[in-house]
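Work through the exercises below with the structure open. Each task is followed by a solution in steps.

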Amino acid sequence: MAQEYKLILKHADEAGYTPDIECYLRHGGYDTLKKAFAFQTKTLAEGKTQTPQEQLRQEVMTSGLRGRGGAGFSCGLKWSFVDRKSGKPIYLICNADESEPGTFKDRQIIHKDPHQLIEGMIISCFANDVKLAYIYIRGEMPEGAKILNAALKEARAKGFLGKNILGSGFDCEIHVHRGAGAYICGEETGLIESLEGKRPYPRIKPPYFPAVLGLWMCPTIVNNVETLCNVKHIVAMGGAEFAKLGTPNNTGTRIVSLSGHVKKPGYYEIEVGKATLRELIEDSKFGGGLRDGRKLKAIIPGGSSSKVLKAGEKFKLKKKDAEGKDILVETDMLDLPYDFDSLAQAGTMSGSSAIIVMDDSVDIVGALANLSEFYAHESCGQCTPCREGSLWMNKTLHRLTHGEGRAQDADYLVKIADNIPGGRTICAFGEACSWPVQSFLAKFKDDFVAKGKADEERRAKETSEPKKLEVAHH
Amino acid sequence: MSFQATPELEAEVNELISHYPVKRAASLMVLHAIQEKFGWISSDAVQWTAKKLELQPINVFEILTFYPMLRQEPQGKYAIKVCRTLSCALGGAYELHHHFCEKLGLDAHKHGPQTTKDGKFTVEFVECLASCGTAPVMMVGEKFYEGVSHKKADEIVAGCK
């Protein structure tokens, strides 16, 4: 049976656990930083040596940690791309711009256990020779920014930040930088532009890969809050030990944000891939099932941008048989293990690990209209297909939900959505705004056509039976 | 009306600038600091910020016009922001927004922020506030509220003196 496994949120919800440094220190806080500083240069075969920093980076690589922000890219690889020979300073940015609809995990860490993030960041800075780092927190979390600033002040006072930290000779400073309500700042190059004090227009890659040309054109690492917390645990337990958590290629734990039509919405930390969507939704330890008398209609499995799954959909999942041979096993959408690779095989993604559950009371056209309004509002406007397309999709869905729909709107929506992504835009927002439209229309087309037809018929009836003109009598 | 920076604001801004190797990077944080003190950002404040950061006013203005949280006009004493996005919508956000508008004599179907005639409340729909598990959620100023029933909404309004 699937269980919660609390690694990141081990203490956060314990009675009496507070976000101040004294409480964190009582729970072994900053011991891992001391462990990281204690690494010694290792002598390898053939007279080669490995610095403490290289060893720490190796641990992260060994752990198999994949980014918890949305893309699920290997953290060790991301770090390995950093240009360390440029002679320029290297920067680290914690992406705390948690804005993907459905996601509310980083908020828990920031509010309840900020020092865990800070310790993870200092270790990551040490491992990458970073002396100046920023936490980019979304503007709508003013409380979170205050908690982080207070925690940074405490850490400075205790000598965990600043010059010559704990006598290690390593200097490091971290500052909080607040966003101001723009979703696009979650995109790492948009975030960098925003941090530089500009409009957050994402940069084109190549050449602007943050690892080479990031903040102020210097090598820069951008990692999610949960990812940086994981680094602390990887160093504490060792990369190989960490890799035993979860499932192969999907290591460690993930904090799943569960919302929508379940009895117990909330955040649940699991070993990656050790619980299925069905368990997360139905099990009493997690979502506790749908509301009474309701049936499942659809699931958005990884934040609002991920492609929707329709109740009853079946997928062919690659598995190993008893002899270790690859076989394809037909799997119901609810039986998909909640991890990066299984969801990818089902044509969607676990993204920011945010599950939005919709039961049969939901008007599916209305649900997509809601999401399209979000994307129309959040497109930064830099690339024409995205700026115009997201607005057209929103406009079409608006008329479909306001009695002005047309039967051909379903096809029209797909046509627009198909013409936004695929290299026509600078960043992945083009994909993010198209995927919901493409997947909703692929799986629920009848609902959209029916709605458009009903509107057309109603309007035709209204025009064929004109209202009697009222003649005013004076 | 010309913009007058207080010594406290000046000190805060100098501290913020010290966080970055390039002055321009402080602009968003400086605008936050100004808005916190004055409630909105006037064109004089833009000029002052530009001078402080050694920028052209357009560099500051283009930020002010992009980010939804930055305001070019004053808002009500209490700014009510109701989350609009899917999980909150499934949890009754539209009904909640409607409830506030009705209660405060505003038009629930109008786009964008609306302020009551007495200038006490501004009601606005905003995009995902990242607390989807406790929908519907909202903010009043910097204070965050979760699982807001209509009854709780009435209490929140009553608490705004």
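**Exercise 1.** What volume does the second largest cavity have?

*Solution.* The model is predicted, with local features needing pLDDT of at least 70 and side-chain atom pairs pLDDT 80 or more, while totals for chains, interfaces and linings use all residues. Residues are numbered from 1 along each chain as its sequence is written, and chains are lettered from A in the order in which they are written. A cavity is a set of points, on a 1 Å grid over the protein atoms alone, where a 1.4 Å probe fits but cannot get out; its volume is the space filled by probe spheres set on the points, joined across faces, edges and corners. The second largest cavity comes to about 50 Å³.

**Exercise 2.** Which residues lie nearest the centre of the second largest cavity?

*Solution.* Step 1: lining residues have an atom within 4 Å of a point, and here there are 14. Step 2: nearest the centre are Thr85(B), Ser87(B), Cys88(B), Cys128(B) and Cys132(B). Step 3: helix 5 (residues 86–90) of chain B contributes most, with three residues; helices (H or I, at least four residues) and strands (E, at least two) are DSSP runs, numbered from the N terminus.

**Exercise 3.** Why is one side of strand 5 and of strand 6 of chain A left without a neighbour in the sheet?

*Solution.* Step 1: four strands of chain A form an open, parallel sheet in the order 5-4-3-6, where pairing requires at least two DSSP bridges. Step 2: strand 5 (173–178) and strand 6 (220–224) of chain A are at the edges with a single partner strand each, so one side of each has no neighbour in the sheet.

Terms used. Heavy atoms only, no water. 1 Å grid on protein atoms, 1.4 Å probe; cavity = no way out; pocket = protein on both sides within 12 Å on 5 of 7 lines; lining within 4 Å.
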